[in-house]
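Student: I am new to this structure and would like to go through it with you. Please show it first.

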Amino acid sequence: MTDSTTELTILQPDDWHIHLRDDKALATTVPHAANSFNRVICMPNLVPPVKNTDEAMAYRQRILQHLQDSDISLERKAAFDPRMTLYLTDQTTAKDIEIAAKSGVVQAVKLYPAGATTNSADGVTDINACVDVFEAMEKHDLPLLLHGEVTHDHVDIFDREKRFLDEVLAQIIAKFPTLKIVMEHITTSDAADFVLAQGNQIAATITPQHLMFNRNHLLIGGIKPHFYCLPILKREKHQKVLLDVATSGSPKFFLGTDSAPHATDKKENACGCAGCYSAVHALPLYATAFDSVGKIDKLEGFASRFGAQFYGLPINESTITLTKTPLQVPSGYPYFDGQTLTPLMAGDTLPWSLKI
Ligand SMILES: NC(=O)N[C@@H](CC(=O)O)C(=O)O
Ligand SMILES: [Zn+2]
Ligand SMILES: [Zn+2]
């Protein structure tokens, strides 16, 4: 493949970290995700959260109902496969884990340190109290997905991910050496190096915004709320390392958009919500990032192979084609109850688009 690549056909990607939200929001988010992805791992930070297998199954049915009601193609409807996660709380038991592992619907368990991010108030307050649950996950081969930031008030927001690696993750790995763990949405070279230094049971997802942007984009020339997500964008040197590892061909790094819809007025607000809405144009965004460093040939591994390999799932068989045809990102999408949803890079033009 050369710089002059103008069309790229890759195996159909999966999104290993997405927020679809619930109820009326699903009418927008489900078709957007299903247009590009086969499997998606649905985050459980609903209000109230998805805490057990029954709740996960009910949530999956609501997602599938909106899929059927949408006007996307029958082919995409048949291919879309939402996989569920449980939200780990101080009350989660080893039995909950066993039931989840045997359900065939729950793909992983998500740990939000209490207070770390959107809807994390019910998250874990003391990791040391999770020993039984982690043991059960290890036994039943159910991966642990981490929002990897410490939450102490005195820790600077730009240091919270690195502190998590040193103070929390290293200990979990030492105590549960065969537990599969994904550091979700990594944002620092520290996290990339940490993951690279571990065995194959430790992997990471990377979002499009952390590959394309850094904190200057968020803060220079006025505050840009649509670049605000957690963990927060870091310095350019971190962005560069993330781009290096994502495009390196290492199977430890794979696609997780962390597409996190919040209505436009909740983002453009004196106390704006954290999260970038990217699912709808995620593949053109990732293609643009990979192409920016001449590595578009590495996109397929990152987007369509490494995540499935990590989760022990088959690689998809269908394909999707990207073309180097400019894409004007819409300024907004209709969202429920008359609200709008502003996508990442709204109003900008991307060099890559999806071939329809
Ligand atoms: N990433 C974000 O900034 N927000 C996510 C939560 C999360 O993934 O941390 C959300 O649910 O809005
Ligand atoms: Zn998170
Ligand atoms: Zn997320």
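Tutor: Over residues 15-316 the chain is 42% helix and 12% strand, with the end C-alpha atoms 12 Å apart. Helices (H or I, at least four residues) and strands (E, at least two) are DSSP runs, numbered from the N terminus. This is a predicted model, in which local features need pLDDT of at least 70, side-chain atom pairs count only at pLDDT 80 or more, and totals for chains, interfaces and linings use all residues. Residues are numbered from 1 along each chain as its sequence is written, while chains are lettered from A and ligands numbered from 1 in the order in which they are written.

Student: Why is His 262 called buried?

Tutor: A residue is buried if 20 or more other C-beta atoms, placed from the backbone, lie within 10 Å of its own, exposed if 12 or fewer, and partly exposed in between. His 262 has 27 such neighbours, so it counts as buried. His 262 lies in the loop between β9 (253-255) and α11 (264-267).

Student: What makes Ala 274 partly exposed?

Tutor: Ala 274 has 15 C-beta neighbours inside 10 Å, and therefore counts as partly exposed. Ala 274 is in the loop between α11 and α12 (282-292).

Student: Which residues does Ala 274 touch, not counting residues up to four places away in sequence?

Tutor: They are Thr 117, Thr 118, Tyr 228, Cys 229 and Leu 230. Contact means that the C-beta atoms, placed from the backbone, lie within 7 Å.

Terms used. Contact = placed C-beta atoms within 7 Å.
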